[in-house]
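Have a look at the sequence and the model, then read on.

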Amino acid sequence: MIRMSTLGKLDIFRLNIKSVAILPIESFDVLLGNNVRMSIMDMLSRGPMTVTSLAQELGMLKGVIHRHVKALEDFGWIRQLSDEEAKSIGLSREANRIYYV
């Protein structure tokens with residue numbers, strides 16, 4: 001959530017976020033240069049998902065989605081939920097990796 005307030009003539013933005021990552025410029029090229037990766041990021045911004053569920057929603061093969069997810073993970077855009085994180089939000093890990101932004 002972004003909140004904006006004004007202090008005199010200055011606009012102040014407050015971001016309600018858990019963490020911040022500084023990524024190399026190449027990471028932006030990997031993301032912005034591909035519509036599928038942008039779609040994956042959009043879907044993951046709504047909550048954690050597996051490669052299987054991403055593939056189903058995008059109507060693509062799991063192998064293709066896995067390749068894009070791997071690139072996003074390698075460049076620091078997404079990561080896998082740990083077992084503890086998955087349990088804490090009530091997700092069953094089963095045999096799938098669960099990714100989130």
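Leucine 72 counts as buried, because its relative accessibility is 0% and the cut-off for buried is under 20%. Keep in mind that this is a predicted model.

**Around leucine 72**
- Leaving aside neighbours within four places in sequence, leucine 72 touches Leu31, Arg37, Ile40, Met41, Trp77 and Ile78.
- Leu31 is 41 residues away along the chain, yet its C-alpha atom is 7.2 Å from that of leucine 72.

**The nonpolar core**
- Leucine 72 is also among the residues with the most contacts inside the largest nonpolar core, along with Ile40, Leu54, Ile65, Val69 and Ile78.
- That core has 14 residues, and helices H2 (35–44), H3 and H4 each give it two or more.
- As a rule, nonpolar side chains in soluble globular proteins tend to be buried together.

**Where H3 meets H4**
- The axes of H3 (residues 51–58) and H4 (residues 62–74) come within 9 Å and cross at roughly 115°, so the two helices are roughly perpendicular.
- The crossing of H3 past H4 is right-handed.
- On the H3 side, the contact uses Val51, Thr52, Leu54, Ala55 and Leu58, and these meet Lys62, Ile65, His66 and Val69 of H4.
- Sorted by class, that contact has 6 nonpolar, 2 polar and 1 charged residues.
- Leucine 54 contacts Ile65 and Val69, and also Ile40, Met43, Leu44 and Met49, again leaving aside neighbours within four places in sequence.

Technical notes:
Residues numbered from 1 in each chain as written. Predicted model: local features only at pLDDT ≥ 70, side-chain atom pairs only at ≥ 80, totals over all residues. Heavy atoms only, no water. Axes fitted to C-alpha atoms, helices over the stretch in contact; angles between N-to-C directions. Helix = DSSP H or I, 4+ residues; strand = E, 2+ residues; numbered from the N terminus. Parallel < 35°, antiparallel > 145°, perpendicular 65-115°, else oblique. Left-handed = near helix turned anticlockwise from the far one by under 90°. Contact = heavy atoms within 4.5 Å. Nonpolar A, V, L, I, M, F, W, Y, C, P; charged D, E, K, R; others polar. Core = buried A, V, L, I, M, F, W, Y, C linked by side-chain atoms within 4.5 Å. Buried < 20%, exposed > 50% of the residue type's maximum accessible area, 1.4 Å probe, protein only.
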